[in-house]
Amino acid sequence: MYRLVLMSSILIGILGISANSQPLEEDGKAFNPYSETALAITGPVILSTKRMVFETGAFLELNLVEQAASGSWGVSGDVPAAQVFRVKGDAGSLRRGNTACGAGTVTYIAAWEEELSGSNYLGIAMFTGTEIPTGAIEEGTCATFYYSIDLAR
């Protein structure tokens, strides 16, 4: 166990991945929608490493696949790591009858923290398919949402 913690710390230092790259914690935290897609489809959400709860009361169960998955995350693809979760369940109808992934079923969610216009935001990308995602914009991406982050953790 000590080796795993030590190796993780070394890799985080080498790759320059900050703790802020992993915005979701075990305890749930509320996030307000920032992007137009989040405003139109999900509304406010409560997120933890176990569950994503929508304002309708619907939820998705999350199972952590990778704590700091290397890849091209964020609007520009410049965010080096994201948390990746396998999704269990289907949230069904959300705001205005929209669904989280259009006609598809959400199979993975990635979460990262990103600076946009001088402020930090939570980015969430949703995916369909069986392959573990490695970037926010790739085959299987069905939605990307941004939420406001309270910087005082």
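Which residue takes a positive phi in the hairpin of β3 and β4? In this hairpin, with 4 residues between its strands, the answer is G57, whose phi sits near 95°. The structure is a predicted model, so local features are taken only at pLDDT of at least 70 and side-chain atom pairs only at pLDDT 80 or more, while totals for chains, interfaces and linings use all residues. Residues are numbered from 1 along each chain as its sequence is written, and side-chain values use heavy atoms, with hydrogens and water left out.

Now for the sheet itself. It is an open one, built from 8 strands in the order β1-β2-β3-β4-β5-β6-β7-β8, with antiparallel pairing. The edges belong to β1 (29–31) and β8, each of which pairs on one side only. From one strand to the next, the twist averages 30°; axes here are lines fitted to C-alpha atoms, for helices over the stretch in contact, with angles running from 0 to 180 degrees between N-to-C directions. Strands (E, at least two residues) and helices (H or I, at least four) are DSSP runs numbered from the N terminus, and two strands pair if DSSP finds at least two bridges between them. In general, strands of a sheet pair through backbone hydrogen bonds, either parallel or antiparallel.

Around β3 (residues 51–54), the pairing goes both ways. Strand β2 (residues 45–47) runs antiparallel to β3 and is joined to it by 3 bridges, with a hairpin of 3 residues linking the two. Here L47 has M52 of β3 as its bridge partner. With β4 (residues 59–73), β3 again pairs in the antiparallel sense, over 3 bridges, and R51 stands opposite E61 in β4. As for the faces of β3, M52 and F54 sit on the covered one, R51 and V53 on the uncovered one.

The C-alpha atom of E115 is separated by 9.7 Å from that of V75, 40 residues away along the chain.

On to helix α2 (residues 36–42), where T42 is found. T42 is buried, with a relative accessible area of 1%. Its side chain makes a polar contact of 2.7 Å with that of Y147; such a contact is a pair of N or O atoms within 3.5 Å, where within protein one must be able to donate a hydrogen and the other to accept it, and residues adjacent in sequence count only if both atoms are side-chain atoms. Neighbours within four places in sequence aside, T42 is in contact (heavy atoms within 4.5 Å) with T37, F54, E55, L94, R95, F145 and Y147.

Last comes the disulfide (a pair of cysteine sulfur atoms within 2.5 Å), of which the count is 1. It joins C101 to C142, with 1.6 Å from S to S. C101 lies in the loop between β5 (79–88) and β6 (108–116) and C142 in strand β8 (residues 141–148), so the pair ties together parts 41 residues apart in sequence. The torsion about the S-S bond of C101 and C142 is about -100°, so the disulfide is left-handed. C101 is buried, at 6% relative accessible area, whereas C142 is partly exposed, at 29%.

How values were computed: Buried < 20%, exposed > 50% of the residue type's maximum accessible area, 1.4 Å probe, protein only.
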